[in-house]
Amino acid sequence: MLNIILRSLWNRRGTALLTIFSIAVSITLLLGVEKIRKGVRTSFSSAVSGTDIIVGARGGQLQLLLYSIFRIGNAPNNLSWESYEELSDNRRVKWTIPFSLGDSHKGYRVLGTNQDYFKYFRYGKKKNLEFSKGKPFSEVFDAVIGSEVAKNLNYQLNEEIIVAHGTGKKSFLQHDDRPFKVTGILRPTGTPVDQTVHVSLEGITAMHVDWESGAPPMEGQSISAEEALKLDLTPEEITSFLVGLKSKIHAFDFQRKINTFKEEPLSAIMPGVALQELWNILRTAETGLRVITWFVLFAGLLGMITALLSGLNERRREMAILRSVGAGPGTISFLLILEATILTLAGIIIGMFFLYLGLFVSRPILEAYFGLFIPINPPSYKEIIILAGIVLTGMLMGIIPALRAYRQSLADGMTLRL
């Protein structure tokens with residue numbers, strides 16, 4: 001029986017291949033959207049761990065989360081170093097990590113921070129940052145680069161890098177008179193850390209010590225790197241900072257204290273709450289994508305029914321011959337149902353191949369340009385249930401042409417001309 005079905009499909013291979021391809025594309029879209037959705041959530045959720053509060057200039061909590069953790073967008077304003085020190089000295093604070101953003105290197109964000117970054121920053125399930133090569137910065141013009149920066153720019157230890165003013169991929173304002181030296185390369189984390197160049201806060205200050213209002217010094221008024229090192233390089237302001245509390249029960253009180261800080265307008269957010277706001281915003285889009293992919297899948301299965309129904313008239317003599325050699329109406333119907341099942345299974349197999357091929361090809365691109373890590377795992381239990389349901393649906397849809405074939409009489413088929 002299987003041989004008969006395969007030979008019949010081969011005789012109609014053009015229509016069969018188009019049907020299989022449409023189902024395969026539907027499966028690729030359906031599972032691909034779900035994997036990308038999970039990958040986006042995993043990437044965002046694993047970017048910061050163990051941080052209780054993020055503090056920045058007054059603004060929206062989602063904006064503060066995006067530019068501080070994900071290097072997306074820019075801060076509306078900076079906060080003063082005096083405010084940072086005062087809040088850091090609070091008795092409820094265990095540790096803080098200051099961030100200074102606003103510069104870049106060949107499209108990668110440059111982050112000014114201190115040694116506490118390597119000591120307290122966590123990602124994923126509270127994992128520490130680890131070095132594949134080198135060590136943390138210790139001098140003013142030392143730099144630690146993420147794994148993607150090192151890989152894509154082919155950087156090694158002790159290489160010099162030039163930081164550009166601003167966050168664009170191309171900048172006409174270069175700090176080429178004060179180059180940094182790579183002293184460390186971090187292990188891959190699957191977070192924005194991989195696409196970041198880390199320097200000291202003193203290094204950020206030294207780069208801009210003779211700049212005024214974001215403009216470079218006039219000709220003859222600049223100072224050398226050696227002269228900059230002799231100056232007080234304590235920063236006047238930073239972009240934001242992360243806070244780890246001694247006890248999480250003080251999180252709301254400390255957040256209220258910062259939001260009502262009298263010295264300057266500040267915002268304090270909890271990363272988990274801000275991420276939930278992000279998911280709520282994206283929920284409508286996620287639902288819309290799911291609905292679209294299910295409709296695409298339905299259209300693929302509907303195309304299969306259409307192909308089977310339209311081919312019945314051409315196959316009436318085939319059915320009649322099968323009836324004449326002893327195949328009953330039930331056998332003919334079962335053949336068509338099995339044919340629909342085989343087409344659905346073939347579409348699922350090819351669709352899964354397309355899916356994993358697309359994931360292998362697109363994953364490095366998504367990591368390099370969007371900082372998204374899409375895990376390539378075997379189908380989950382939920383996905384297997386979905387695929388089994390699709391096979392069952394394809395089988396049930398095969399009943400429609402099977403019923404029509406069941407009603408065709410043997411005499412009607414035998415009287416058709418070749």
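Visitor: Helices are DSSP runs of H or I, at least four residues, and strands are runs of E, at least two, numbered from the N terminus. Which helix gives the most to the nonpolar patch?

Guide: Helix α12, residues 329-370, with eight residues. This is a predicted model: local features need pLDDT of at least 70, side-chain atom pairs 80 or more, while totals for chains, interfaces and linings use all residues. Numbering runs from 1 along each chain as its sequence is written, and side-chain values use heavy atoms, without hydrogens or water.

Visitor: Which residues make the patch?

Guide: Phe-21, Ile-349, Ile-350, Phe-353, Phe-354, Leu-357, Phe-360, Val-361 and Ile-365. They cover about 890 Å². Val-361 lies in α12. Nonpolar side chains are joined within 5 Å, like charges within 9 Å.

Visitor: Now inside. Which residues touch the most others in the largest nonpolar core?

Guide: Leu-65, Tyr-117 and Phe-121, out of 32 residues. Core members are buried (under 20% relative accessible area) and joined through side-chain atoms within 4.5 Å. α3 (61-69) gives the most, six residues.

Visitor: What does Leu-65 contact?

Guide: Beyond four places in sequence, Ile-54, Phe-70, Ile-269, Pro-271, Ala-274 and Leu-275. Contact means heavy atoms within 4.5 Å. Another core lies apart, with 23 residues, including Ile-20, Leu-297, Met-304 and Val-391.

Visitor: Why is α7 largely enclosed?

Guide: Because six of its eight residues, 201-208, are buried. Those are Leu-201, Gly-203, Ile-204, Thr-205, Ala-206 and Met-207.

Conventions: Patches are made of residues with over 30% relative accessible area and no salt bridge: like charges are joined within 9 Å, nonpolar side chains (Val, Leu, Ile, Met, Phe, Trp, Tyr) within 5 Å. Accessible areas come from the Shrake-Rupley method with a 1.4 Å probe; for residues, only the protein chains shown count as cover. A salt bridge is a side-chain nitrogen of Lys or Arg within 4 Å of a carboxyl oxygen of Asp or Glu. Buried means under 20% relative accessible area, exposed over 50%, partly exposed in between (1.4 Å probe, protein chains only).
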